Amino acid sequence: MVHAFLTNSRNRVALFFPGVLISGLIAVAAQFISEHYGAPAMLMALLFGIALNFLDEVEKCRDGIGFSARTILRFGVALLGMRISFEMAAALGWPIVFLVVGGVFATIVFGLAVARLFGHGPRFAFLSAGSVAICGASAALAISAILPPDERSQERLVFTVVGVTLLSTVAMIAYPIVASAIGLDDQIAGVFIGATIHDVAQVVGAGFSVSQETGEVATVVKLIRVALLAPVILVAIVIIRQLPVDDGDGARPAILPGFVVSFIVLVALNSFGLFPLWLTSLATEVSSWALLTAIAAVGLKTSLRDIVDVGLPAVALLFIETLFIAALTLGALLWLIR
């Protein structure tokens, strides 16, 4: 039995290794570019993957690329739970927490409501609005994992990751200027930045460019948004399971996917202070690399033509959703501090 297990494990490693190695090397290259030239690592990994799309046609690589885009992705999302605790919310005060939570759910509802005006159905509406509302590329990857697949699933995911990363980078530059022009103090500016910019890295960059306090507040607010990933996905799964299944939709998702359960459990354990600081730091690093490897694999599975086919209406929808969460949050903050 032991011999059979070892043989099977060795065969699986041999099957997945080439594709995982390629995805990992792309992630390393993207991180190098990010650290030395300031480009968003997620965007670089995706673009490098798309440029090497032909490797997905190589039989030796295909299984490992698929494993990276699916299993390593879910592992990275689950580990995000170790960055979050209930104590973070309590430190900010409940009015701010309600504002952040309300902004997330209002943005998702808004995206679902206006998507038809831009020629898109509920799949892209939820994917785009969820990524804008919660945590950018990471949320897009997690949401895509539970949506019923169809022939355009991959191109919608890639476009969403590219779109939210670019918009998040623009916001990283623009929002500190907006906060200063309006006269927001450091704490309120941190709430505004953390509650509106899509990706965690850009939130950190924008927040600490204002001040140390702004950066710390922005990071905590952003992690509260990340914590909402699990309940949003669970609600979406319940709704999806009520919908009729046809041949194009594939099977319904499990009511409690393993990576969502793991995320929730890790948040709960971290809230009780059961993880030492070195372990949470390690988990954060591993999660970042796992998600970077997964997005590289998603790029490898996508051709440039797929992205172009999504069209300008999708650009407009992402832009409108981004403006909505920014305007709603800023309006609510000005009302709270008046």
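Helices (H or I, at least four residues) and strands (E, at least two) are DSSP runs, numbered from the N terminus. By this count the chain has 16 helices and 0 strands. Its radius of gyration, taken over C-alpha atoms, is 20 Å; the globule rule (2.2 Å times the number of residues to the power 0.38) gives a close value of 20 Å for 338 residues, so the chain is as compact as a globular protein of that length. The C-alpha trace spans about 70 × 50 × 45 Å along its principal axes.

The model is predicted: local features need pLDDT of at least 70 and side-chain atom pairs count only at pLDDT 80 or more, while totals for chains, interfaces and linings use all residues. Residues are numbered from 1 along each chain as its sequence is written, and side-chain values use heavy atoms, with hydrogens and water left out.

Of the 338 residues, 50% count as buried, that is, under 20% relative accessible area, whereas exposed means over 50% and partly exposed lies in between (1.4 Å probe, protein chains only).

A patch joins like charges within 9 Å, from residues with over 30% relative accessible area and no salt bridge (a side-chain nitrogen of Lys or Arg within 4 Å of a carboxyl oxygen of Asp or Glu). Asp185, Asp186, Glu213 and Glu216 form a negative patch. Glu213 lies in helix 11 (residues 212-227) and is partly exposed, at a relative accessible area of 40%. Arg62, Arg70, Arg74 and Lys301 form a positive patch. Arg62 belongs to helix 3 (residues 59-79) and, at 37% relative accessibility, is partly exposed.

Notes. Patch = residues over 30% accessible without salt bridge, like charges linked within 9 Å, V, L, I, M, F, W, Y side chains within 5 Å. Areas by Shrake-Rupley, 256 points an atom, 1.4 Å probe, with all protein chains shown as cover. Lys, Arg positive; Asp, Glu negative; His and termini not counted. Charge placed at Lys NZ, Arg CZ, Asp CG, Glu CD.
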